[in-house]
Amino acid sequence: IGIDIAKQIDHAIQELSGCERLIVDLRGNAGGGLAFLRVMSYLTPERLPVGYSVTRARAETNYSKESLAIFNRIPSQKAALIWLALKFGFRDDSVSIMTEGLGAKPFHSRVALLVDESTTGAGERIAAFAQERKLAPVVGARTAGRLICCSVYKVGHGYFVRIPARAWYTWSGELLEKKGVVPDYVVANGDKQTADIQLDQAVDVVRSL
């Protein structure tokens, strides 16, 4: 669910008090749990549909995205996980995601996202949402195109197995698997030991907003 990571994101935003322009660097982001929803929620004051994940079983039915169970809040306490287990634990794992409605921030409409080929999973979902809703321009290189949601199981001796379980779609119905997110400002990776030209471009973009 990402409760601890969401709290860390909250703390980082609090430390940026008064910040009027923001660059979110998603390069090297290798995915993770549902904490990506907190980042998305800081991009807009509203509650907006983000996207939805669908199991093969649900995909083979005549479903509508509006009928899926909605996840729209990362709880602040782990005790709330019991309620989430009751809500989501006894049904098909297909779910739609909606932002949390965290209210206006000084940097809204003045945010840029940085991505590259190493941006996968949750990072790609954030970039696709921002691009689709025109909340923040995306800068860098095309992302990896690895957005399928996986289930993780313990198999003993400290090992786990990850199994692809649910396809991820943007709210407009776009499947980005193997395609990735194409930035609004395409900038090839340079030699970061001498200069970070992608970051330089993101700075120029966010200053122009």
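## Basis of the model

This is a predicted model, in which local features need pLDDT of at least 70 and side-chain atom pairs count only at pLDDT 80 or more, whereas totals for chains, interfaces and linings use all residues. Residues are numbered from 1 along each chain as its sequence is written, and side-chain values use heavy atoms, with hydrogens and water left out.

## The parallel sheet and strand S5

Helices (H or I, at least four residues) and strands (E, at least two) are DSSP runs, numbered from the N terminus, and two strands pair if DSSP finds at least two bridges between them. An open sheet is formed by 4 strands in the order S1-S5-S6-S9, with parallel pairing. S1 and S9 stand at the edges, each with a single partner strand, so one side of each is left without a neighbour in the sheet.

S5 is joined to S1 by 4 bridges, and Ala112 in S5 is the bridge partner of Ile23. Towards strand S6 (residues 138-140) there are 3 bridges from S5, again parallel, and Leu113 stands opposite Val138 in S6. In a regular strand the side chains alternate between the two faces of the sheet. Both faces of S5 are covered, with Val111, Leu113 and Val115 buried on one side and Ala112 and Leu114 buried on the other; buried means under 20% relative accessible area, exposed over 50%, and partly exposed in between (1.4 Å probe, protein chains only). Because 5 of the 5 residues of S5 are buried, this strand is largely enclosed by the rest of the structure.

## Nonpolar cores

A nonpolar core is a set of buried Ala, Val, Leu, Ile, Met, Phe, Trp, Tyr and Cys residues joined through side-chain atoms within 4.5 Å. The largest one has 38 residues, and those with the most contacts inside it are Leu43, Ile97, Val111, Leu113, Ile126, Phe129 and Trp168. Two or more residues each come from helix H1 (3-15), strand S1 (22-25), helix H2 (36-41), strand S4 (95-98), strand S5 (111-115) and helix H5 (122-132), and H5 gives the most, with 6 residues. Apart from this core lies another, of 5 residues, among them Val139, Val187, Ala202 and Val205.

Contact means heavy atoms within 4.5 Å. Leaving aside neighbours within four places in sequence, Val111 is in contact with Leu22, Val24, Leu43, Ala136, Pro137, Val206 and Leu209.

## Lys65 and Trp171

Lys65 is placed in the loop between helix H3 (56-59) and strand S3 (69-71), and Trp171 lies in the loop between strand S8 (159-170) and strand S9 (185-186). Lys65 is buried yet has no salt bridge, the nearest side chain of opposite charge being that of Glu66, 4.6 Å away. A salt bridge here is a side-chain nitrogen of Lys or Arg within 4 Å of a carboxyl oxygen of Asp or Glu. A polar atom of the Lys65 side chain does, however, lie 2.5 Å from the backbone oxygen of Trp171.

Trp171 is itself buried, with a relative accessible area of 17%. Not counting residues up to four places away in sequence, Trp171 touches Pro49, Val50, Gly51, Tyr52, Lys65, Glu66, Ser96, Glu132 and Arg133. Trp171 and Ser96 are 75 residues apart in sequence and 8.7 Å apart in space, C-alpha to C-alpha.

Methods. Lys and Arg count as positive and Asp and Glu as negative; His and the chain ends are not counted. A polar contact is a pair of N or O atoms within 3.5 Å; within protein, one must be able to donate a hydrogen and the other to accept it, and residues adjacent in sequence count only if both atoms are side-chain atoms.
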